[in-house]
Amino acid sequence: MIGRKTRKTRVTADASDPDGLTVVDWNSLESKFQELTSMLNAPSSGLNASQARQKQKQQVEQAIETLLEMAQGEARRLLVEGNAQASVEGGLRSLKLKEAYYGSGSLQLVPCYFHLARTNQFLDKFKQAEEFLSLAQWTILRHPTCEVALKAELHQTFGLLYASDGRLEPALKQLAQATYYLALLNGPHHILTSFGYFDLGNVFAAKANMDSAMAFYEKVKEIWAGHLEAVFSRPAKAAEGDDDEAAARDTLEHRSPASFGEENVQDGLKMIRGIVGLQTERFGLVHPATGRAELILALYFRWIDDNEHAQECLERALEIHKRVYGPQHQTTSRIRAYAADFGLTLPADTSHVLDALEKAMRPTTVEGATPLSAEATAAAEAAAITSSVPDPAVQGLQITPEQ
């Protein structure tokens, strides 16, 4: 909640044990930073003075860098908790410390600029947010060999800022550029690249271009379906009992959600849930696209070990598939097979699982009011979803690297 005071505890640091740092109170943090920086050039005595001085310098540098990263993390935590004003203050203090240590114009300052841009966007201060992004862009342009990931994040942050400010055309350009770099970094069919397709779909939905929006959402589904199906398919050797050999041969990236990162896991869940809602609004409950989305969401819940929600989504997916394809169709049978593999029991009669949803979707209007169309509702929902280059074949969007 904005305006909530930050917790205050002391910062402790030992140059020989940088992992022992705890960061919350900014005054103590800055004091510790000054203490550590004063140790960088402290003299050493003894027979091996030069070697001891070098070792001490490495330890102090590691402690300072850990301290700075934890300060940045504290600022991010405040933003996640909704304490935006304190997050701005923390971000500015982190930036000041990093400038003192790394120097102005250093690439290490760029994450601070990104954070301050996002925090000002959260506060609807779009001009200030754009100013910080311009500083990040200037810094990146001065380092043409910087990591592709930084370029992707720069364009994504610009794109989401413009989308929040209603500038949809420049938002599309920036998000397409971001997704180009994500595809360059990870591959066009990687689950990390799927965030870029989703962002593009949301902007198209906000423009009420629902055909293009749904094309990008389908791309996201295709990527996640491929990944999750690969996660839950056992290699042949594993089925024969040779688990060690199969594991050694397994090259699937992010088989475990732990390797994907907690923030990415939560963003992925919001993304797929958002697509389920948007496609339900667009196509209705009983539709192949909706049924496929429900199945992917079920697999995602199972991937993160949420069996309760996986069961609910599997039941809905099964009922939709029975109504669309028939109870004996191979795609319907496949859902039952997934449930069996997961140790879940699906009821023989699932007709009731859609009743409440169908009732909730029946239009109700106030006298004299005009109900929103499915497209308008979906566009409004898409604009509220936040998440990060698309396949050039999708909707013919021209994607070119930044000159």
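Helices (H or I, at least four residues) and strands (E, at least two) are DSSP runs, numbered from the N terminus. The model on screen is predicted, so local features need pLDDT of at least 70 and side-chain atom pairs count only at pLDDT 80 or more, while totals for chains, interfaces and linings use all residues. Residue numbers start from 1 along each chain as its sequence is written, and side-chain values use heavy atoms, with hydrogens and water left out.

**Stop 1: D124**

Select D124, in the loop between α4 (110-122) and α5 (126-141). Its phi is near 60°, a positive value in a residue other than glycine. Most residues other than glycine have a negative phi.

**Stop 2: H254**

Next select H254, in the loop between α11 (243-249) and α12 (257-260). H254 is not a glycine, yet it has a positive phi of about 60°. At 14% relative accessibility, H254 counts as buried.

**Stop 3: α8 and α9**

Now select residues 194-206, which form helix α8, and residues 210-231, which form helix α9. The two pack at an angle of about 160°, with their axes 7 Å apart. Axes here are lines fitted to C-alpha atoms, for helices over the stretch in contact, and angles run from 0 to 180 degrees between N-to-C directions.

To see what holds the contact, show side chains: on α8 the contact residues include Y197, F198 and F204, and on α9 they include F216, Y217 and W224. Contact means heavy atoms within 4.5 Å.

Of its 22 residues, 16 are buried, so α9 is largely enclosed by the rest of the structure.

**Stop 4: A310**

Last, select A310, in helix α15 (residues 307-325). A310 is buried, with a relative accessible area of 0%. Which residues is A310 in contact with, leaving aside its neighbours within four places in sequence? They are A298, F301, R302 and L344. Draw a distance from A310 to A298: the two are 12 residues apart in sequence and 4.3 Å apart in space, C-alpha to C-alpha.

Definitions and conventions
Buried < 20%, exposed > 50% of the residue type's maximum accessible area, 1.4 Å probe, protein only.
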